[in-house]
Every structure is written in C-alpha cells, then in structure tokens.
Amino acid sequence: EYLLDSEGLAKLEGHEYQTLRKKIKRFTKHVGEKQLELRELDLSLTEVQDQLFESIAEWESKRVPDNDPEHNEKLVLKKIMSNAPELDIKNLSLYIDKKLHGIMIYHQPLAKEYYILHHLKVNYEAPYISDFLHHAVAKKAIENNVSKLNVEMDLGIENLKKHKMTLRPSGFFRKYTISPRH
C-alpha cells in the first residue's frame, strides 16, 4: 500500500513534485473557463447512486478500465454506498460545468492521521483528472489535520503501479500472509 504525504501533495512544492504540478496545470488549462466544483455527495441517496453509476457507465463506454478484470467493482461500490453512513465513508466529487466527472471514495480509520482512498472513478476525457482529484483530497486532508493518504495496493497492474509512484509516495504499508507451520 502506498502512503502519500498530504501536505506535500496539497502544496506541490519542490523539485520532487514538479511533474505533478505540470499535470495539474495541464488539467486546469484543459478545463479552461469551465466551472469546477468539488463537493461531498450523500452516497446513501438512491438518486446520487443512480447518477454515479450512470456517469461511470458513460465514462467506461469511452475507456474500459483494466483494473477490474473480474468485474466486481460495481458490486463493491453498491455495497460501500449502501453502508456509507454506518462506515463513515466519505467522498470528494468533481463537477465540471455542473456535470459529474470524477469521484474519490475514502474513509478515515480510527488512526485519525490517515485517509484510506478506496475508489477513484473519473472521466478520462480531461487529462490528468485523477492527479487533480488526488491533489484536492490532499488539500481536504490538510484542512482536517490528516497527515497521510493511503492509496492502497496496485493489484499487480503495472500501469497502476507506475501512476501511484508518480504521486510521490513517502512510504509503504507492507502486507504479509502468516500461516502456521505444518
């Protein structure tokens, strides 16, 4: 699991964030004069869920995701949304000219210094939109005194690993499987 420094990703200062700064500037330039709005949605509402799944279907019709080979993500998202209030699931949604273009779903575990970022779904028509959303979530984390973002595993997918490395991880959570000796 990849750990990102919230402050570094929010401020994008220094040489190590040069590439990310450029990507976010390119996203902003692409969007131009369009209205950008970041907001938190109530994931427990049926109309919000419908809007989200309609948007995801539209985005995926233009670019099929390669990180869900067993096609389980929709089921997982439905379960997360149906239990969002109980699990304190949060989100940051990006609207461009009042149309949903991306959502980051995350939660803050009992160890309050982290946000765990579970799902990022975006309309890739806007270049570097995922980098912009990571940057926006990092800003929100700083506002809430959250020092680290856990962007979870790369599922062994090389392109996902490469992208997560461009976010400049400050560390990693290692996972191990422990089993008894026979």
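Visitor: Which residues touch the most other members of the largest nonpolar core?

Guide: Good place to start, and keep in mind that this is a predicted model. In general, nonpolar side chains of soluble globular proteins tend to be buried together. The largest nonpolar core here has 29 residues. Those that touch the most other members are Leu 9, Phe 27, Leu 94, Tyr 115, Leu 117, Val 137 and Leu 149.

Visitor: Which element gives the largest share of this core?

Guide: Several elements supply at least two residues each, including strand S1, helix H1 and strand S5. The largest share is seven residues, and its source is H6.

Visitor: How do helices H2 and H6 pack, roughly parallel or roughly perpendicular?

Guide: Let's look at where they meet: Leu 20, Lys 23, Ile 24 and Phe 27 in H2 contact Ile 129, Asp 131, Phe 132 and His 135 in H6. These contact residues divide into five nonpolar, one polar and two charged. The axes of H2 and H6 lie 8 Å apart, at an angle of about 110°. Angles from 65 to 115 degrees count as roughly perpendicular, so H2 and H6 are roughly perpendicular.

Visitor: In helix H4, where do the buried residues sit around the axis, on the same side or on opposite sides?

Guide: The buried residues of H4 are Glu 73, Leu 77, Ile 80 and Met 81. Among the elements covering them are helix H3 and strand S3. Leu 75 and Lys 79 are exposed on the other side of H4.

Definitions and conventions: Residues are numbered from 1 along each chain as its sequence is written. This is a predicted model: local features need pLDDT of at least 70, side-chain atom pairs count only at pLDDT 80 or more; totals for chains, interfaces and linings use all residues. Side-chain values use heavy atoms; hydrogens and water are left out. Axes are lines fitted to C-alpha atoms, for helices over the stretch in contact, and angles run from 0 to 180 degrees between N-to-C directions. Helices (H or I, at least four residues) and strands (E, at least two) are DSSP runs, numbered from the N terminus. Angles under 35 degrees count as roughly parallel, over 145 as roughly antiparallel, 65 to 115 as roughly perpendicular and the rest as oblique. Contact means heavy atoms within 4.5 Å. Ala, Val, Leu, Ile, Met, Phe, Trp, Tyr, Cys and Pro count as nonpolar, Asp, Glu, Lys and Arg as charged, and the others, Gly among them, as polar. A nonpolar core is a set of buried Ala, Val, Leu, Ile, Met, Phe, Trp, Tyr and Cys residues joined through side-chain atoms within 4.5 Å. Buried means under 20% relative accessible area, exposed over 50%, partly exposed in between (1.4 Å probe, protein chains only).
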